[in-house]
Amino acid sequence: MARAASTRRKAATTLIAWTVGLLIFFPIFWTVLTSFKPEAQAIAMPPRLWNFDWTLENYTAVQERSNYFRHFWNSVIISVGSTLIGLIIAIPAAWSMAFVPGRGTRNILMWMLSTKMLPAVGVLVPIYLLARDTGLLDSRILLVGVLTMINLPIIVWMLYTYFREIPGEILEAARMDGATLRSEILYVLTPMAVPGIASTLLLNVILAWNEAFWTLNLTAARSAPLTAFIASYSSPEGLFYAKLSAASTMAIAPILILGWFSQKQLVRGLTFGAVK
Amino acid sequence: MGRIMLENVTKRFGDVEVIPPLDLDINDGEFVVFVGPSGCGKSTLLRLIAGLEDTSGGRILIDGKDATDLAPAKRGLAMVFQSYALYPHMSVRKNIAFPMRMAGIPQDEQNRRIEAAAKALNLTAYLDRRPGQLSGGQRQRVAIGRAIVREPSAFLFDEPLSNLDAALRVGMRLEISELHNRLKTTMVYVTHDQVEAMTMADKIVVLQAGRIEQVGSPMELYKAPKNLFVAGFIGSPKMNLLTGAVAAQHGAATIGVRPEHIHVSPTGGAWKGRVGVSEHLGSDTFFYVEDTGLAETITVRAGGDLELYHGDTVWLTPDPARIHRFDDQGLRIA
């Protein structure tokens, strides 16, 4: 009896999990599918699942109209750059908060997190004006800087929770063994924290890659990343669903592939601490 | 050489004084055990010696040199932690080599010392494994190996056996004692287990609330505890401490009688009582005797052959020469 009940429960859970998974995946699937439809069939009612004329014309059109590789390159520089700078700042910060916490450590952490609760649009005008007056508007440096600041709290928090799992006694043992602060971080802490640092890096590259608010508002032509590339296909003259889908597919493909190959790292990083 | 002297050492965490001014002299080659209940400051004291905590006052001298402000690694001490604190990403060989690598010792000398330590600690077969693939006892031996190869002037042990099971603990206790006999290096050992303290130490330091209650050899502490705390802490099972009329008879506020210094008879004696719980260990039997007319249950340690059970009536007679007397301050009356 118990076994039958548990099998039924397992089947139900599996069914729910698959349903949720497919629901989440469906928009991506539909976008990719639409990108292969002729513009007229893309908006056909009822929607066409299979019975349409497969075409690559949207991809050709998108390539002709805008420079995919320039946008792609901007996205790479902005997401990887902001993440790397963030890590350089966050590793020592998280180290000190995890291993030599002071009275204010918890408050600092909460305060850092609270900046994420502020609606971004609230600081858009001052940042825009600052960027304009310093001549940094529509530059990669500006976006790298802004996205570093936007994602820094998350990077510090992730590393902090990760470092906290590393027993302090191991670092003390290293100190007793004659390791300087540099060798302690280099030979003991970092090798032990590699999975955490790697998953932090991946997650933040993904977050920065998909970040649309600041990248759309602070760029025009020169430094526009792929988010702007997608947005340029929803124009006031009307929506071109098929071309928009093709642009979207091209924009998300690199990060999707990266995420696919690093999913083990990502899942481990996100659930670390939950299960020892 | 490994002489460690603490002069007026204090430690405060914020407003809390965990170690009031304290003096202690640890001689070269001595096996000193810090023992006390949890939270008594014994680990803090060890960490002050190691340099992992800064003192709030006083001086620490190692071999006559002021080491108070020296970094841990510069003190020439090696430490073995309760959690072993091995580097999980390194093989046993690399773990043991790490302090030598940090000190820039030549590779062939490193190898020679690793081989010697591994042989002494039965680790030769495990040199290429990671700590995660070893048992608790093996991990602890790796931690000891890592300490040995530094050839320190003193070893510091912070409850090194607490994470091991009972049988392994006895084995490792012997190994550490043998190691001390062989190396003759100063060892400072922290434990809350008074059996470890009694069996291993040349000198025991009993601590309570950061204060030293008594310093002495195991037998000195056993035979002449300075106060009620030491009397109750050293010895297993615990000393019976009796107050009231029976103590007044001996001209004391409290008297103490060790369980092994009470004679048991089924026919006659000083105190009549009834066996509550009896624990037959084979070699010994522990009786917990109730209804003696004294305020406390009396613990008695008798030979293993004595067959008395719950509810039996017994007569107890303390050995008059081995009654410890304490005044109303809890201090020993000579």
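How far apart do the C-alpha centres of domain 1 of chain B and domain 2 of chain B lie? They are 38 Å apart.

1. Ground rules. This is a predicted model, where local features need pLDDT of at least 70, side-chain atom pairs count only at pLDDT 80 or more, and totals for chains, interfaces and linings use all residues. Residues are numbered from 1 along each chain as its sequence is written, while chains are lettered from A and ligands numbered from 1 in the order in which they are written.

2. The domains of chain B. Domain 1 covers 4-230 and domain 2 covers 237-326; bounds like these come from an automatic or database domain assignment.

3. Chain A overall. Chain A has 13 helices and 2 strands (DSSP runs numbered from the N terminus: helices are H or I with at least four residues, strands are E with at least two). Its C-alpha trace spans about 75 × 70 × 30 Å along the principal axes. Of the 276 residues in chain A, 32% are buried (20 or more other C-beta atoms within 10 Å of a residue's own; 12 or fewer is exposed, in between is partly exposed, and C-beta atoms are placed from the backbone). Take the contacts in chain A with a separation of 6 or more: 78% of them involve residues 24 or more positions apart (a contact needs C-beta atoms, placed from the backbone, within 7 Å).

4. A:Phe163 sits in helix α7 (residues 140-164) of chain A. With 22 other C-beta atoms within 10 Å, A:Phe163 is buried. Not counting residues up to four places away in sequence, A:Phe163 touches A:Ala94, A:Trp95, A:Ala98 and A:Ala193. A:Ile91 is 72 residues away along the chain, yet its C-alpha atom is 9.4 Å from that of A:Phe163.

5. Two crossing helices. In chain A, the axes of α3 (residues 57-65) and α12 (residues 241-261) come within 9 Å and cross at roughly 75 degrees. Axes here are lines fitted to C-alpha atoms, for helices over the stretch in contact, with angles running from 0 to 180 degrees between N-to-C directions. α3(A) and α12(A) are therefore roughly perpendicular to each other (65 to 115 degrees; under 35 is roughly parallel, over 145 roughly antiparallel, the rest oblique). Residues making the contact include A:Tyr59 and A:Val62 of α3(A), and A:Lys243 and A:Met250 of α12(A). By class, the contact has 7 nonpolar, 1 polar and 1 charged (nonpolar: Ala, Val, Leu, Ile, Met, Phe, Trp, Tyr, Cys and Pro; charged: Asp, Glu, Lys and Arg; polar: the others, Gly among them).

6. Where the chains meet. 16 residues of chain B are in contact with 14 residues of chain A. On the chain B side, β6 (77-80) and α2 (92-103) are the elements giving two or more residues, and α2(B) supplies the largest share, 4 residues. That side has 14 nonpolar, 2 polar and no charged residues.

7. A hairpin in chain B. Strands β1 (residues 4-13) and β2 (residues 16-26) of chain B run antiparallel, joined by 7 bridges (pairing takes at least two DSSP bridges). β1(B) and β2(B) form a hairpin with 2 residues between them, and B:Gly14 in the turn has a positive phi of about 65 degrees. Look too for B:Arg12, opposite B:Glu17 in β2(B).

8. A sheet to finish. An open sheet of 3 strands in chain B has the order β11-β12-β18, with antiparallel pairing. Its edge strands are β11 (240-243) and β18 (324-326) of chain B.

Definitions and conventions:
Contact = placed C-beta atoms within 7 Å.
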